[in-house]
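Let's take a friendly walk through this model, strand by strand. Please keep the view open as you read.

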Amino acid sequence: MVLEIKGLSKTYPGAAQPALSDVSISVPAGQFLVILGPSGAGKSSLMRCINRLVEPSSGEVVFQKTRITKADLRAVRRQFGMVFQQFNLVKRLSVLTNVLTGRLGYRSVLRSLFYSFPESDKRIAFECLARVNMEHKAFQRADTLSGGEQQRVAIARALAQEPKVILADEPVASLDPKIARQVLGYLRQVAKELGITVLCNLHQVDYAREFGERIVGMSRGSVVFDGAAGDLNEDVLRKIYYDNVTAG
Amino acid sequence: MTTSLLAEEAQRGTQRLTKALLWGSGAAAVLWFTATQIGLNPAALVRGVPFMLDFFGRMFPPDLAHLALLRDATVETVQIAVWGTVIAILLSIPLALLGARNTTPHIVVFHLIRLLLNALRSINELVFALIFVAAVGLGPFAGVLAIALHATGMLAKFCAEEVEGVDRGPVEAMQATGAGRLQVILFGVVPQVVPAFVSYAVYRFDVSIRAATILGLVGAGGLGFSLIKTMKLFQYHQTATCILVIFVLVFISDWLCARIRARIL
């Protein structure tokens with residue numbers, strides 16, 4: 001197991017309901033795991049509790065047999081590449097510089113002050129861009145790209161971290177179906193080539209079936225299903241999507 | 001159904017009108033009261049017209065021979081504005097980052113910096129100039145310091161608000177890479193605020209030019225000194241030349257800065 005989530009709970013200050021309650025998932029290395037659920041099911045919170053962008057209320061995350069703590073957050077975070085719904089590229093910087101920011105976790109602040117990266121990092125960045133077929137746009141500004149292209153660059157940025165795991169938080173929710181499949185295809189392909197484990201949040205059932213080796217269904221902060229895509233039947237879907245709608 | 005909605009809309013319309021009338025009459029009363037307090041008097045203005053015409057008559061025609069003498073003062077005015085703005089830019093970048101909620105190292109630092117910036121902003125350049133003339137002596141250096149401090153207050157406050165308004169997304173993305181605090185600011189925040197900051201700095205330079213033209217009134221260098229000197233000596237033809245030069249200088253600066261800002265944004 002590359003990642004073991006044990007009894008993870010999170011209640012935000014002032015919230016009546018917990019965002020996560022007692023979530024436990026074990027992820028073997030190299031798996032493409034889809035976390036499926038409606039908006040507000042706690043999928044995003046789960047990801048952010050893994051790389052400690054959000055501090056969990058209780059429970060623990062064990063990564064490569066070591067418990068993740070607040071100490072040495074840098075070393076942990078660079079092992080987790082992250083891909084976001086809104087791409088979150090720095091719009092005014094070039095595509096190449098955006099990918100190079102994936103190397104920041106390895107570099108000193110002093111050098112960053114001059115927006116400078118070593119040759120070896122640039123080599124890594126170009127290789128990562130090539131993996132998502134974006135190297136021909138390396139010198140363009142990020143905001144000149146289409147949505148699908150921006151997300152491919154964001155995947156390259158995550159790859160530049162040379163991560164063990166990629167956390168993809170609704171990576172295709174802002175893209176049209178054709179481009180969405182293409183982007184998920186890239187994600188699956190590079191993960192397979194490099195042996196990276198992927199946790200991918202999705203809310204669309206058909207993408208989950210198509211891309212997920214394993215699917216974890218979430219509803220109202222809890223895991224309500226954990227199995228293969230083939231076992232995702234009507235009963236299960238009702239549990240994930242409709243049981244959380246309170247009467248009336 | 002529609003009838004009752006129409007009735008409700010009519011009622012809301014009456015409420016809007018009542019509210020507008022109430023606020024309007026309130027504002028009018030306050031304005032009238034202040035007008036009597038400060039002695040707004042159109043009749044006095046009309047009576048003053050001949051005196052003004054007399055004044056302008058004495059200024060006309062401007063003494064163009066005086067232009068040559070104003071050359072150095074004009075250059076000095078621009079130099080004061082340039083250095084005042086440059087120092088303000090250098091000071092305001094760190095102050096803005098310390099004084100923005102999302103980048104400050106501590107909330108106490110945030111409040112202290114905001115207090116400092118408000119103090120700097122509330123003091124006019126001329127007042128600063130008086131202080132610095134006393135401190136470093138007559139001349140343009142006092143003017144540079146005066147402009148630098150006031151502009152720092154303005155520029156840093158504006159920049160801090162820009163920093164607070166950045167898109168959280170890229171910031172979160174930088175945090176997720178394992179970047180340190182300063183790296184997150186350098187790559188996630190700074191690129192987002194650069195265009196607005198540069199544009200405002202250019203605008204600040206334009207304002208500084210205007211301020212620098214009058215700093216000479218209190219002996220802090222630039223064209224203002226010629227302005228006050230010729231007035232005190234009743235050399236109104238030369239005063240007119242000063243005003244003309246100031247007008248042209250401000251006009252050119254305004255035009256230039258507007259063009260630069262249009263290109264940035």
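In this predicted model, β9(A) and strand β10 (residues 222-227) of chain A pair in the antiparallel sense over five bridges; strands are DSSP E runs of at least two residues and helices H or I runs of at least four, numbered from the N terminus, and two strands pair if DSSP finds at least two bridges between them. Being a prediction, the model gives local features only at pLDDT of at least 70 and side-chain atom pairs only at pLDDT 80 or more, while totals for chains, interfaces and linings use all residues. Residues are numbered from 1 along each chain as its sequence is written, with chains lettered from A and ligands numbered from 1 in the order in which they are written.

Two residues lie between the strands in the hairpin of β9(A) and β10(A), where Arg220(A) has a positive phi near 45°. Strand β9 (residues 214-219) of chain A has five of its six residues buried, so it is largely enclosed by the rest of the structure; buried means that 20 or more other C-beta atoms, placed from the backbone, lie within 10 Å of the residue's own.

| Pair | Sense | Bridges | Partners |
|---|---|---|---|
| β9(A) and β10(A) | antiparallel | five bridges | Ile215(A) and Gly227(A) |
| β1(A) and β4(A) | antiparallel | five bridges | Ile5(A) and Val61(A) |

Elsewhere, four strands form an open antiparallel sheet in the order β2-β1-β4-β5 (chain A). Its edge strands, β2 (20-27) and β5 (66-67) of chain A, each pair on one side only.

Key: A residue is buried if 20 or more other C-beta atoms lie within 10 Å of its own, exposed if 12 or fewer, and partly exposed in between; C-beta atoms are placed from the backbone.
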